[in-house]
Amino acid sequence: MFIDLTLDSDSDELSKTASTTSTKTPSLPHSLAHRALNVPHSVPQKRKKSDTEDAFPALVVSSFVNGSKHREHDRRVASQPEPSRPSSRRSNASQEAQSQNRRHTPHALVPALRATRSNTPTSSSASTPEVIIPSNPPDVLIYTPSHRLKREASSFNSGHAAAAAATSSRSSRSSSLASSNPTTTQPPTALSQRYYPTDAYEKRAVKGAYPKAKRVQRSATPLVIGTPGPLLIRPPNIRQQTRKTMKRKLRGIKGPAVTYDAAAERRLADFILNFEFVNTNPLRKGVVPVAEEFNAGCTCEGVCDETTCLCLSKEEDESNTNIVPYRAAADVAGLMVLKPEFLTRKAMIYECSDRCSCDQTCWNRVVQNGRTVRLQIFHTGDRGFGLRSPDRIRPGQFIDCYQGEVITAAAATLREADHTARGTSYLFSLDFLNGQYEEFEDESNDDDDDGYHDEDNDDEDDEAESGCKYVIDGRNFGGVTRFINHSCNPNCRMIPVSRNHADRDLYDLAFFALREIPPFTELTFDYNPGSEGVRDSKIEPTAVRCLCGEANCRGQLWPNQRKKGTR
Ligand SMILES: C[S@@+](CC[C@H](N)C(=O)[O-])C[C@H]1O[C@@H](n2cnc3c(N)ncnc32)[C@H](O)[C@@H]1O
């Protein structure tokens, strides 16, 4: 067993060994204690002179055995070059060491080196100091720190403490310490040359701004054409992928399934690649809903009382009675449908809201509960895609809302040109309540009239021109109802439905069945309500021709591209 000088110090083994060896073992500085280690050599490996031999002159532990502790002498002897040691003496000394060991050592410690001198009782008669390397390998070697090493260690510690205390003048202090103690190795600091070399710039300049071009011999470079990847072996099936995308997007629509007619698959898949279905209307720049705090709710308990519910609109006559929009369907429990008389009215439906005290099962919550019928997209042949339902739809049954981006009237004016150029339009004005507050608005505008042009009013100019503040655009983002075509004899009607009495510009455009609609019948509504029964005498040359094929067809969808909404 012997001591590995490279290992760390705090070993229990060492302290144990040291205590069993001798209580007089010199106490080593912390960094000089060593751990005993089993290695296959009998003699410590040669180390750098400055690190080990000078610093750790060998102390032969077993020299304690016979009571003589000639450490200094041993150290000197151990440093003698090996060739000066006669082999015969070495063997004699070795034998003697072994016998000493056998006689006196109660434990496994034996000397590694034994210094001899002519006047020592255990030495041979030779006057030259010798190192005796016993044939039996030494067990323990503990090196004593030299005076020089002790000096260096203490000067290093004091220099390190001083450097830590004076952080501001660290570099100068360190350098002065370094100069005063040339043997001290300074730990690198933040200002060290190692991290911030002051000559880095010069070195780069010498090296040159650009690296040298790599010279390549092209003729010697092999051109390897590997085996083709999966893309070349089996090209992706674009059709399959677009179909998958379409199905994924259709699955994202809330409510009962929305499917498509197999004959329309290819065209629909191509179209849907550039279209996004939405479940709520995205509000675009400039569209600001009236805060819920301004809304009022009813105070009904459980389900609403038709006669007292505050949400319902009042008849305009003197009776002041509530207009009740819904009734229970005759054949389906829990299904609410529009009252037949409401279908012929021109009124907005006000449903109960989150501000109401009635519960969610209240009969006055129909549109907000969403679609209850399945829908199917198909291709009409001459009017693009159309929409129908595989289910029977009852008169007055809610189908779905028209959905799309809500944009300002000014934005709609800009988009309208694009819609016109394409010959299709998906713009629906939210203009139902326009005109109903004109009297009040005229009075309030009088105060504002200061005779100056206000740029902020440009949007309002557009509004005034178009007759509404906001428009719903279902071209690129929309619900499945954006496929409903126009008919001059429609089976559905678009009715405005609100849950916020305070907001007259933002509300839902809900489709209700005007009559019984058999399964797979195309759903249609009038794009230009109010002109029913009026056969246009002159068809505008720019208007989209109506192809509904009904006997009462007016010949054009609407005079200009933007639909009038529900007015
Ligand atoms: C809201 S979209 C209806 C869905 C549309 N067919 C599609 O494929 O996307 C309105 C457009 O459909 C076409 N359209 C709807 N009803 C029509 C009709 N009765 N006659 C001719 N074209 C019609 C017009 O091009 C119109 O601008």
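Guide: What follows is a set of questions on how particular descriptions are reached. The model is a predicted one.

Visitor: What makes up the secondary structure of the protein chain?

Guide: The protein chain has 14 helices and 21 strands. Buried residues account for 30% of its 567 residues.

Visitor: Why is Phe-520 called partly exposed?

Guide: The limits are 12 or fewer neighbours for exposed and 20 or more for buried, with partly exposed in between. Phe-520 has 13 C-beta neighbours inside 10 Å, so Phe-520 counts as partly exposed. Phe-520 is found in the loop between strand 20 (508–513) and strand 21 (524–525). Phe-520 also has a positive phi, near 65°, in a residue other than glycine.

Visitor: What makes a set of residues a nonpolar core, and which residues have the most contacts inside the largest one?

Guide: Such a core consists of buried residues of the nonpolar kinds Ala, Val, Leu, Ile, Met, Phe, Trp, Tyr and Cys, joined through C-beta atoms within 7 Å. The largest has 64 residues, and those with the most contacts inside it are Cys-298, Ile-399, Val-471, Cys-492, Ala-510, Phe-511 and Phe-512. Strand 20 supplies the largest share of this core, 5 residues. Apart from this core lies another, of 5 residues, including Cys-488, Tyr-527, Cys-548 and Leu-557.

Visitor: With which residues is Val-471 in contact, leaving aside its neighbours within four places in sequence?

Guide: Val-471 is in contact with Ile-407, Ala-409, Ala-412, Leu-427, Phe-428, Ser-429 and Leu-430. For the protein chain, among contacts between residues at least 6 apart in sequence, 72% join residues at least 24 apart.

Visitor: Which residues are closest to the ligand, and how is the shell divided by class?

Guide: The ligand is surrounded by 16 residues, the closest being Gly-384, Phe-385, Thr-424, Asn-485 and Leu-547. By class, this shell holds 8 nonpolar, 6 polar and 2 charged residues.

Visitor: How do you know where the feature "domain: Post-SET" lies?

Guide: The position comes from UniProt, where an unreviewed entry places the feature at residues 542–558. Over residues 542–558 the chain is 0% helix and 0% strand, with the end C-alpha atoms 10 Å apart.

Key: Residues numbered from 1 in each chain as written. Predicted model: local features only at pLDDT ≥ 70, side-chain atom pairs only at ≥ 80, totals over all residues. Helix = DSSP H or I, 4+ residues; strand = E, 2+ residues; numbered from the N terminus. Contact = placed C-beta atoms within 7 Å. Near = placed C-beta within 6 Å. Nonpolar A, V, L, I, M, F, W, Y, C, P; charged D, E, K, R; others polar. UniProt positions renumbered as here; feature names shortened; annotations may be inferred.
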